[in-house]
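This briefing concerns the salt bridges of one structure and the parts of the chain that they connect. Please consult the sequence and structure shown here.

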Amino acid sequence: MPARLSVYPPDSPALIRVLEDGVSYRIGRSQECEIRVEHFSVSRFHAELRGAAAVWTVHDTGSKNGLRVGGQRAKQISLNAATWFTAGDVYCWFELTDIATAAAFKAREDLRRSSSRSLSQRLMPSFGIATLIPQTLDLVLELSGLERGFMLYADAGEPLRVRAARGIGADDIASRSFSGSAAAVDRALRERRSVVCCDTGASPWLGVRPSVRLGGIRALVCVPLQVDGGALGVVYADSRKPGPPITELDLELIGNVADQAAAAMAARRLQDDMADVLKSAADAGLAAPLWDTLRGHEE
């Protein structure tokens, strides 16, 4: 009988996997694991899931921090019904499903990927950067399911400025009592990678920050945009309402939007730079002659 496993690493997107009956799945930090969990409390080869008919088990394969169910350490856990267990400090939710439900889940993932590609294709250089910025923010909010956010952007050598916001004002962002997470923005910029947190209260670097605690943030994502030519953008989104976690698929789709937006902005900057060069040449009396004129309309 197929099953579904949801893994919730702190400071990372949730991993959701449909498990096929009769297949073994290794859980661990190693790239060789079918279910790779990048968290310091998880061993390289931490545990193994096995299913046969309606009987699933997960057993410890010699991990340092072990498996726990109901707070008690266990060498092997029988998963005959919906069950919470932990691998190290990472919570995992196991549930049995059926073939039709598993197929429908995979179909929804495929549909989301297809829809995301269609949405990303709306980010066209012809719209101009002033239009691309709010479009990008709106797509990130739509794909993440988060309730509010903003986007920072700066041309090469310029300071980052708030260029678009939804659900929060520029004055609120600038306030010392900003209820979002400036630390997430700083980290995304410093490490040049996406920052995701599905439960900020448990996050070792976010949960203790007053802005996060007082703002009641439940989930956030912050994605940097590297635009050719030295321009830089950052999209921040968060939510204070309980809701589904940000998953690996969510982050994949958001990353695709960020890449498309960066490419569109770079193309637009190139077009604008070329237009400036041509205008400068024309102003200096160096406008390029027409090819037909040079050739004398020869056949």
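Glu-248 is partly exposed, with a relative accessibility of 33%, a class lying between buried (under 20% relative accessible area) and exposed (over 50%), for a 1.4 Å probe and protein chains only. This is a predicted model, in which local features need pLDDT of at least 70 and side-chain atom pairs count only at pLDDT 80 or more, while totals for chains, interfaces and linings use all residues. Residues are numbered from 1 along each chain as its sequence is written, and side-chain values use heavy atoms, leaving out hydrogens and water.

**Salt bridges overall**
- The structure holds 14 salt bridges, each defined as a side-chain nitrogen of Lys or Arg within 4 Å of a carboxyl oxygen of Asp or Glu.

**Glu-248 and Arg-17**
- Glu-248 pairs with Arg-17 in a salt bridge whose closest N and O atoms are 2.9 Å apart.
- Because Glu-248 lies in helix α6 (residues 248-283) and Arg-17 in strand β2 (residues 15-19), the pair ties together parts 231 residues apart in sequence; helices (H or I, at least four residues) and strands (E, at least two) are DSSP runs numbered from the N terminus.
- Arg-17 is partly exposed, at 25% relative accessibility.

**Glu-20 and Lys-106**
- A salt bridge links Glu-20 to Lys-106, with 3.7 Å between the closest N and O atoms.
- Glu-20 lies in the loop between β2 and β3 (24-28) and Lys-106 in helix α1 (residues 99-120), so this pair ties together parts 86 residues apart in sequence.
- Glu-20 is partly exposed at 43%, and Lys-106 is partly exposed at 36%.
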